[in-house]
Each structure stands twice: as C-alpha cells, then as structure tokens.
Amino acid sequence: MNLATDKWIPVLRRDGRQDEVSLVAAFTEGEDIADLAVRPPERIALMRLLLCVAHAALDPGGKDPRPRDQDDWHGCRGELAERTKAYLREYQARFELFGNEQRFLQVQKLVPLNAEKEANWTDKLDVALATGNNTTLFDNAGGSDRSFKHAPLGLMLLAFQNFSPCGRIGVAKWGETETLGAGSSNHAVCASGNALHAFIRRPTLIETIHANLINYDDFTQHAGRSGSWGRPVWEAMPTEPATVPVLTRSYLGRLVPLCRAIRLDDNGKTMVLANGLDYPAFDEVFAEPSTTIIAIKDQAERKTL
C-alpha cells in the first residue's frame, strides 16, 4: 500500500459521487473533487498533509520557501498539480505503509521493551472505536481480533499522529534507545490545548489547498524571524528518539508530526505503540497557523481558542 499512488483518501466528486483517491490524484484531479469526505479530525490531518506536500513540492530543494510572498501565492496555483506529481514520484518510496524499508509515519526499528499483558490493537488508532474493555456507544468490539484494510489504516495512522491524547503509553526500543516519556505521553500537536482548527474551504479541493497555503512573508511575521520553515518528516526521518528541531520546531515538520512511535504489523490487527518525538506547545514556539491565540481577560496568559 503506497499512499502516494494508491487510493485511500475519501472524497466527494463534483458530480456527487463518493470516491477514494491517492495523494497524487488529490492534486492532479483536484479540479474534479469538491471536498474531502471524512470526519473532522481526519479532515484536519489530511489538510495538513496536503499543505505539507504542496509546500515541499513548490520548493523541492528546501532552499527557497514557497510561496515567497502574496504575488508568488497567486502565481503558484497553476504549478501545484505538476510539481506535486513530480515531487511525490521522487519520494514515493517514503509513503509505503508496509515493507522493510522506511514507512510513512512509522519507526523502522521499534521493539517493545517489555512484553505487555494486552496486545496493542490497531483499533486504538481510531479514537471513536472501543479498545480493551472501554466500550463506546456505537462500538462494543474493543479488544477483539479485528483486522483493518490498508486504506483505512493509512487514514487512522495519520489522524492518530495528529490527535492522539495524552496518558500512559508503552515503552519501546527505538533503535538502541528507549522511547521518551518513561511510559507517559503529551497531547499530539493538534489536540494540545483542545484547539479549534479552521481552514478556508473553496468549491474544489485544489482551490481549498491553494487557499490555505501560507506565504513565507506572512509566516515570518506570524512566527518571527527565528521561526523555522523546516522540512517534512519523510525527508528527515529520525533514527532515534532525540530532539529534532527541523521537525519539532518548524512549520513543515509539525504539519505532519511523529508524535507516537508506531510500527504496524502486517496482519492489520496489531502494532507496536510508544511515545514519539517531543513537540513543544505553542507558547514555546510559534502557534499552528490553523489555530487562533486569545488573551485571557485581566491575565497575562495567552492560550489557544
């Protein structure tokens, strides 16, 4: 299953048909796609992925962040389809969901530190599903031996990396080093502060992606001149749980985060799950552009809306 070329993103065509498309098709067929057809956390995670791909494709060498300014933002609209197609062809191998090489948003060498009493079922990746003995209103199959097809697993993995909540978590060996947190985890970047995320929506998917691209001039005003543009995680995949500023403290690095160390088993049922990289909160670095920061009345505190 390759997320760049295989169908996995649920969309609504302009003629009303529901369909699934690959990452490449989301851009090259974007004029024919009205919208994403997913739940809110999945929409936010997918939009962040699409924006990250678009920004990286406009600047494949990582030396000239684009769009550079408002004029370049207007002009880049016609470049998106071809540039993203070429970029995803170059990095296609980094978007594999399974296999022995680098996988998308997964750790290559990840082994549980201790054998756990209960397996990590992949249904944990979907916070709407029941796991273990925690039944939910519409799902009582938690802890059962259920398997997921590859396409929904890709979407579940992406949303979980963005929205997984804090709490106790397993410890694993990431290469030769133990995962961070000693069995505890913080909220993932999109869940931190219970933030409300907002995106502009346009009549077609490609227009929606373009409308939400931030130009570098605006970014530096938003983040300060010390703010880092960064590179996507698939271009700079870490080999151990360490501080990686190019990912954790940068715009592109945070758009598609590695908040959890995950290794999916080929059976589609189980996985290794542990803490991932440590992403600082907005008050230690610039805020996520899809969020709004408000000042608390009569207090110096600033927090996410």
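Biologist: How much space lies in the second largest pocket?
Modeller: Happy to start there! A pocket here is an open set of points on a 1 Å grid over the protein atoms alone, where a 1.4 Å probe fits, with protein on both sides within 12 Å along at least five of seven lines. Points are joined across faces, edges and corners, and the volume is the space filled by probe spheres set on them. For the second largest pocket, that space is about 340 Å³.

Biologist: Before we go on, what kind of model is this?
Modeller: Residues are numbered from 1 along each chain as its sequence is written. Side-chain values use heavy atoms, without hydrogens and water; local features need pLDDT of at least 70 and side-chain atom pairs pLDDT 80 or more, while totals for chains, interfaces and linings use all residues, since the model is predicted.

Biologist: What is the radius of gyration of the protein?
Modeller: The value is taken over C-alpha atoms, and the globule rule is 2.2 Å times the number of residues to the power 0.38. With 305 residues, a compact globule would come near 19 Å, and the protein agrees because its own value is 19 Å.

Biologist: Is Leu 105 buried or exposed?
Modeller: Leu 105 sits in the loop between helix H4 (80–90) and strand E4 (110–112); helices (H or I, at least four residues) and strands (E, at least two) are DSSP runs numbered from the N terminus. Phi is about 55° there, positive although Leu 105 is not a glycine. Buried means under 20% relative accessible area, exposed over 50%, partly exposed in between (1.4 Å probe, protein chains only). At 3%, Leu 105 is therefore buried.

Biologist: And is Asn 194 buried or exposed?
Modeller: Asn 194 also has a positive phi, near 50°, and lies in the loop between strand E8 (184–185) and helix H6 (205–211). Its relative accessible area is 68%, so Asn 194 is exposed.

Biologist: Which peptide bond is cis, with omega near 0°?
Modeller: Most peptide bonds are trans. Look at Pro 67, in the loop between H2 and helix H3 (70–75). The cis bond runs from Arg 66 to Pro 67.

Biologist: How far apart are the C-alpha atoms of Gln 108 and Arg 263?
Modeller: Gln 108 is partly exposed, at 40%, in the loop between H4 and E4. Leaving aside neighbours within four places in sequence, Gln 108 is in contact (heavy atoms within 4.5 Å) with Asn 100, Glu 101, Gln 102 and Arg 263. Gln 108 and Arg 263 are 155 residues apart along the chain, yet their C-alpha separation is 7.1 Å.

Notes
1 Å grid on protein atoms, 1.4 Å probe; cavity = no way out; pocket = protein on both sides within 12 Å on 5 of 7 lines; lining within 4 Å.
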